Amino acid sequence: MAGDARMTGIELCASSELAERGKAVLFDVLLWNESVRAFALRFEGRAVAYVNRCAHVPTEMDWQPGEFLDDSREWIICSIHGAIYDPRTGECLGGPCLRSRLIEVPVMERDGKVYWYPSDDVQPAFAD
Ligand code: FES
C-alpha cells in the first residue's frame with residue numbers, strides 16, 4: 001500500500017477547495033510514526049503542503065484551524081511566537097527558527113484533485 005501510494009499519491013481534496021491564499025485543508029499523517037496534522041494551501045496558483053509543526057517548538061501553528069497566512073496573505077505565520085515562513089519553500093525567513101524550514105509534503109494536482117505523496121518521514125495515518 002505505502003509503496004503504491006508513493007507512486008500514485010493519496011487523494012487529499014478537490015483542487016477547488018484550495019482557494020488562492022485561502023484557508024488550508026488539514027489532513028492527518030504520521031511523522032516518524034507520530035500522529036500529526038499536515039496542511040495544504042494554494043499560493044501563486046500552486047498547491048503546497050507542509051507538516052503542521054513549527055521549526056521552533058514542535059507545535060501546531062494555525063491561529064484558527066486551517067488559518068496559516070498572515071494578514072498580508074504573503075507568509076505562513078506561526079501563531080505561537082510569530083515565526084514567518086515562505087509559503088513557496090517552507091523556509092523560515094524571520095523569527096526564532098530563522099533559516100530552518102517546515103517539513104514539506106509533496107503534492108500534485110491532476111484531474112481537478114490534489115494528491116499528496118508519502119516519504120520515508122511522512123507516512124499515511126491509516127493502517128494498511
Ligand atoms: S513555536 Fe512557532 S515560533 Fe515558536
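**Strands and cysteines**

Mentor: Let us begin with a turn: in the hairpin of β2 and β3, which has 2 residues between the strands, Trp-32 takes a positive phi near 50°. Please bear in mind that the model is predicted.

Trainee: How many bridges join strand β2 to β3?

Mentor: Strand β2 covers residues 25–31 and runs antiparallel to β3. Within this pairing, Phe-27 stands opposite Ala-38 in β3. The number of bridges that join β2 to β3 is 7.

Trainee: Which residue in the turn of the β3 and β4 hairpin has a positive phi?

Mentor: β3 pairs with strand β4 (residues 46–51) in the antiparallel sense, over 6 bridges. Ala-40 has Ala-49 in β4 as its bridge partner. The hairpin has 2 residues between its strands, and the turn residue with a positive phi, of about 50°, is Glu-44.

Trainee: How many residues of strand β3 are buried?

Mentor: Strand β3 spans residues 34–43, a total of 10 residues. It is largely enclosed by the rest of the structure, because the buried residues among them number 7.

Trainee: Is Cys-92 buried or exposed?

Mentor: A residue counts as buried under 20% relative accessible area. Cys-92 has a relative accessibility of 1%, so Cys-92 is buried.

Trainee: How many disulfides are there?

Mentor: A disulfide requires two cysteine sulfur atoms within 2.5 Å. The cysteine sulfur closest to that of Cys-92 belongs to Cys-97, and at 3.5 Å it is too far for a bond. By this rule, the count of disulfides is 0.

Technical notes. Residues numbered from 1 in each chain as written. Predicted model: local features only at pLDDT ≥ 70, side-chain atom pairs only at ≥ 80, totals over all residues. Heavy atoms only, no water. Buried < 20%, exposed > 50% of the residue type's maximum accessible area, 1.4 Å probe, protein only. Helix = DSSP H or I, 4+ residues; strand = E, 2+ residues; numbered from the N terminus. Pairing = 2+ DSSP bridges.
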